[in-house]
Amino acid sequence: MSLAQRISQYQSQIPSCRPKVAGRLTRVVGLTLEAIGCQAAIGDLCQVETSTGYIDAEVVGFEGEKIFLMPNDTISGVLPGAKVIPKLGQVDFPLSSELLGRVIDPLGKPLDGKGKLAKSDEKYKSVKINPLNRRAIKQPLDVGIKAINALLTVGMGQRIGLFAGSGVGKSVLLGMMTRGTVADVIVVGLIGERGREVKEFIDEILGEEGRTRAVVIAAPADQAPMVRLKGCETALTVAEYFRDQGLNVLLLVDSITRYAQAQREIALAVGEPPATKGYPPSVFAKLPALVERAGNGGEGQGSITAFFTVLSEGDDLQDPIADATRAILDGHIVLSRDLADQGHYPAIDISKSISRVMPAVTSPEHQQQAQIVKRLYSAYENSRDLITIGAYTKGSDPVVDSAIKLKPKMDQFLQQGMLDIIPYDDGLTNLANITASFRP
């Protein structure tokens, strides 16, 4: 063996590392910190000196010798020329079964006052799954809500969007699913919500029974955009950890819109140009990368069935984020403000909602019955104005006649109390009773 070959062999056995070279702060603009003289790569954490101690900030970009950092906390007490010290090594996130029943922030710190979490026994690293190695979606998931189970059946491993404006019952619907699902583990990401709503969701909507098999990651609206961004990613990491243990996970993220808005704030702060209605291109690159992490695993792994809520600003379903997520998800459930105003809960508009994997997880008879209800529902809605003012003449359309006759039964079927849990088979029985008298 030559000398050059020996040197190459020894070099390959030496772990690579970067020197811990501190830099100094040169500029603070809005949420962005600029530093020079600091050797740190994108994604690395650094400690920034302040008058009261140190705050953590993540490297999000660079220009020449300058690096751009985004803090994980509010910027206060920062002085010109302050030290910027790289934090070498990865942050040890406490991934273990002890997470069940706990409420944590995106960085792994407990928020529930139940003490520190033990460090994970082994280093877990999420591995991207080859799409050809994923198991097909063949089994329905019972979420305890008859309108979804019967008409918008969710498959185990499906990714589905929950589209709605503000105040129409998204969080309540998520809470109902946490109590009614048959999944082994529930991971809830509350991203960009009001602090008051976080506590209400945990105490009142989720409840003690729901918390026992749930992990809640909370990043309220007053948190820095970097923390809100990490909130969604942490929720996916926790869900992947339990999936890789062979468990079936229900992942609820409220909301992916706040994730996109956090990335927009970060991207615009470091100089990325806006593209679609103020959203930079990086937002639309991150959304599919996040969503594709959910789904069925390979052989020996479990599944992640994911519900991502999408906040439709002004009830506009053509909002850029709503439009982008609808294209990359396996279906969408639309909540209607008109139904909510009528006291119809859950306010699911079945005529605008669809589950793309329903044909793969249900029988032909079940699919036919669901189509009948959707057809009757749409026929009634299209003729609602004529029916309301008494201008509709009975016998003009047999389908509308049947819709008028079955409307009370359909309304009763589509509504459900917040604390009620309807098993999957019971929902199918109720569906069959509604459609039994219909003759197309």
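**Entry 1: ground rules.** I began with pairing: two strands pair if DSSP finds at least two bridges between them. Helices (H or I, at least four residues) and strands (E, at least two) are DSSP runs, numbered from the N terminus. The model is predicted, so I noted that local features need pLDDT of at least 70 and side-chain atom pairs count only at pLDDT 80 or more, while totals for chains, interfaces and linings use all residues. Residues are numbered from 1 along each chain as its sequence is written, and side-chain values use heavy atoms, with hydrogens and water left out.

**Entry 2: strand E10.** My first stop was strand E10, residues 214-219. Is E10 buried or exposed? I used buried for under 20% relative accessible area, exposed for over 50% and partly exposed for in between (1.4 Å probe, protein chains only). Six of the six residues of E10 are buried, so the strand is largely enclosed by the rest of the structure. I found Ala-214, Val-216 and Ala-218 on one side, with Val-215, Ile-217 and Ala-219 on the other.

Next I looked up what E10 pairs with. Strand E9 (residues 185-191) runs parallel to E10, with six bridges, and Val-188 stands opposite Val-216 in E10. E7 also pairs with E10 in the parallel sense, over two bridges. There, Ile-104 has Ile-217 of E10 as its bridge partner.

**Entry 3: Arg-102.** I found Arg-102 in the loop between strand E6 (83-87) and strand E7 (103-104). Its relative accessibility is 9%, so Arg-102 counts as buried. What does Arg-102 contact, leaving aside its neighbours within four places in sequence? Taking contact as heavy atoms within 4.5 Å, I listed Pro-110, Asp-112, Lys-114, Gly-115, Lys-116, Leu-117, Ala-214, Val-215 and Val-216. A polar atom of the Arg-102 side chain lies 2.6 Å from the backbone oxygen of Gly-115.

**Entry 4: strand E13.** I moved on to strand E13 (residues 303-311), where nine of the nine residues are buried. Ser-303, Thr-305, Phe-307, Thr-309 and Leu-311 point one way, while Ile-304, Ala-306, Phe-308 and Val-310 point the other way.

Which strands pair with E13? I noted these:

- Strand E8 (residues 159-164) runs parallel to E13, joined by six bridges, and Ile-160 stands opposite Phe-307.
- Strand E11 (residues 248-254) also runs parallel to E13, with six bridges, and Leu-250 has Thr-305 as its bridge partner.
- Strand E12 (residues 295-296) pairs with E13 in the antiparallel sense over two bridges, and Asn-296 has Ser-303 as its partner.

The hairpin of E12 and E13 has six residues between the strands, and Gly-300 takes a positive phi near 85 degrees there.

**Entry 5: a barrel.** I traced a closed barrel of six strands in the order E1-E2-E5-E4-E3-E6, with antiparallel pairing. From one strand to the next, the twist averages 45 degrees. Leu-45 has Glu-58 of E4 as its bridge partner.

**Entry 6: cis peptide bonds.** A reminder to myself: most peptide bonds are trans. I noted a cis bond from Asp-254 to Ser-255, with omega near 10 degrees. Ser-255 sits in the loop between E11 and helix H6 (256-269). Another cis bond runs from Tyr-345 to Pro-346, with omega near -10 degrees. I placed Pro-346 in the loop between helix H9 (337-341) and strand E15 (354-355).

**Entry 7: Asp-330.** Asp-330 is in the loop between helix H8 (320-328) and strand E14 (331-334). At 16% relative accessibility, Asp-330 counts as buried. Not counting residues up to four places away in sequence, I saw that Asp-330 touches Gln-158, Arg-159, Ser-355, Arg-356 and Val-357.

Terms used
Axes fitted to C-alpha atoms, helices over the stretch in contact; angles between N-to-C directions. Polar contact = N/O pair within 3.5 Å; in protein donor to acceptor, adjacent residues only side chain to side chain.
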